[in-house]
Amino acid sequence: MGPDDGPGTVVAWRKILWERQPFPDNYVNHCFMEELRRNKGLRQYRYWAVVREAGLVGQQLSCVAIFITLWLYMEEGLLFPGTILVVSLATLLMGYGLYRALGLRVEPVLSHRTCLADLQRATIYLAFIFCISPVLKRLTESLSTDTVYAMSALMLLAHLVSFPYTHPSPTESLSLNVALFASVCLASRLPGTLDTFTMLSCAPMIFALWPCLLRRVKDRVPCHFAVGCAGVCAAGVGGLASRWPGGVVLLVLALVFVILLCPWLLVRLQRDKDNIHGPWDEAEIHEDLSRFLH
């Protein structure tokens with residue numbers, strides 16, 4: 001019982017510290033707990049909505065699997081570099097056309113100068129890679145094959161960890177840099193210079209251009225986002241299964257864990273969330289104090 005609960009109480013307790021009151025420092029009255037709020041502002045998640053968002057992580061895993069599959073085929077000489085270049089060019093043109101078509105919904109007027117600028121950048125990149133391919137081919141000659149493979153695996157793992165999943169636009173990001181580093185390491189172990197050039201030409205399409213296109217699809221036509229993620233996952237599993245059965249088992253387990261199990265755990269554990277809010281919380285200043293910064 002506090003001092004204000006007795007019949008002879010004449011001083012009402014107030015929740016202040018700057019004035020001396022005839023109460024202990026740890027005293028609170030019976031109304032204190034009435035301000036208790038549980039899980040204030042709790043966001044309710046739906047399982048399939050979380051699965052849809054987790055598909056971005058799964059498709060990025062599959063992109064790495066597609067890249068490894070492409071390297072395995074080229075390393076074993078099962079794919080001719082010229083064929084890959086033609087298919088990559090056709091895919092690039094279709095993807096670029098789709099990217100620009102989706103942009104028409106918010107940018108009705110597109111200048112030809114922008115298209116020419118994009119073409120110029122792509123031409124400069126391909127010409128530069130073609131010129132330095134002989135150098136990159138011999139870049140890791142002094143390193144053992146196991147060391148190169150270990151560095152490549154570590155860099156691809158760093159790419160997956162550092163990829164900006166919330167806003168998948170990896171331009172000038174750590175994820176793109178480490179992915180290209182892994183591409184250079186693996187491309188240096190291919191049989192010929194043309195193979196190295198082909199590998200380094202495909203790497204930006206997989207690790208940079210595709211995430212940008214997927215982001216635009218998600219923003220403009222979200223109903224097709226899940227289809228795109230599912231298609232990439234299927235391509236990654238099918239491609240890896242053709243050359244590395246052990247790797248496809250790991251990939252399938254990772255996809256099931258990331259896309260299906262983790263969302264279920266999030267929704268299931270949300271039921272046990274119990275955050276309390278009340279008068280004991282720190283004070284929040286809602287007034288604009290920017291005028292004091294000048």
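This is a predicted model: local features need pLDDT of at least 70, side-chain atom pairs count only at pLDDT 80 or more; totals for chains, interfaces and linings use all residues.
Going along the sequence, the pattern reads β-α-α-α-α-α-α-α-α-β. The protein chain has 294 residues, and 33% of them count as buried. Its accessible surface comes to about 18,800 Å², with 65% of that belonging to carbon and sulfur atoms. If you take the contacts with a separation of 6 or more, 74% are between residues 24 or more positions apart.

The largest pocket has a volume of about 2,000 Å³. Its lining takes in 49 residues, and those nearest its centre are Leu92, Pro204, Met205, Leu209 and Trp210. Elements that give two or more residues to this lining are helix H1 (47–75), H2, helix H3 (112–137), helix H5 (174–187), helix H6 (193–220) and helix H7 (225–243). H2 gives the most, with 14 residues.

**Ser88 on H2**

H2 also has its share of buried residues: Pro81, Ile84, Ser88, Gly95, Arg100, Leu102 and Gly103. A polar atom of the Ser88 side chain lies 2.7 Å from the backbone oxygen of Ile84. In an α-helix there are 3.6 residues a turn, so residues three or four places apart point the same way. Setting aside neighbours within four places in sequence, Ser88 is in contact with Cys202 and Met205. Met205 also turns up among the residues nearest the centre of the largest pocket.

| Residue | Relative accessible area | Class |
|---|---|---|
| Ile129 | 7% | buried |
| Gln59 | 0% | buried |
| Tyr125 | 30% | partly exposed |

Gln59 lies in helix H1. Leaving out neighbours within four places in sequence, Gln59 is in contact with Trp210, Leu214, Cys229, Val232 and Cys233. Trp210 is another of the residues nearest the pocket centre.

Ile129 and Tyr125 are both on helix H3. Not counting residues up to four places away in sequence, Ile129 touches Phe197 and Leu200. The C-alpha atoms of Ile129 and Thr198 are separated by 9.3 Å, although the two residues are 69 residues apart along the chain.

Tyr125 and Ser201 are 76 residues apart in sequence and 8.6 Å apart in space, C-alpha to C-alpha. Beyond its neighbours within four places in sequence, Tyr125 is in contact with Leu200 and Pro204. As for Tyr125 being partly exposed, that is because 30% falls between the 20% and 50% cut-offs.

Note on methods
Residues are numbered from 1 along each chain as its sequence is written. Side-chain values use heavy atoms; hydrogens and water are left out. A polar contact is a pair of N or O atoms within 3.5 Å; within protein, one must be able to donate a hydrogen and the other to accept it, and residues adjacent in sequence count only if both atoms are side-chain atoms. Contact means heavy atoms within 4.5 Å. Helices (H or I, at least four residues) and strands (E, at least two) are DSSP runs, numbered from the N terminus. Buried means under 20% relative accessible area, exposed over 50%, partly exposed in between (1.4 Å probe, protein chains only). Accessible areas come from the Shrake-Rupley method with a 1.4 Å probe; for residues, only the protein chains shown count as cover. On a 1 Å grid over the protein atoms alone, a cavity is a set of points where a 1.4 Å probe fits but cannot get out, and a pocket is an open set with protein on both sides within 12 Å along at least five of seven lines; lining residues have an atom within 4 Å of a point. Grid points are joined across faces, edges and corners, and a volume is the space filled by probe spheres set on the points.
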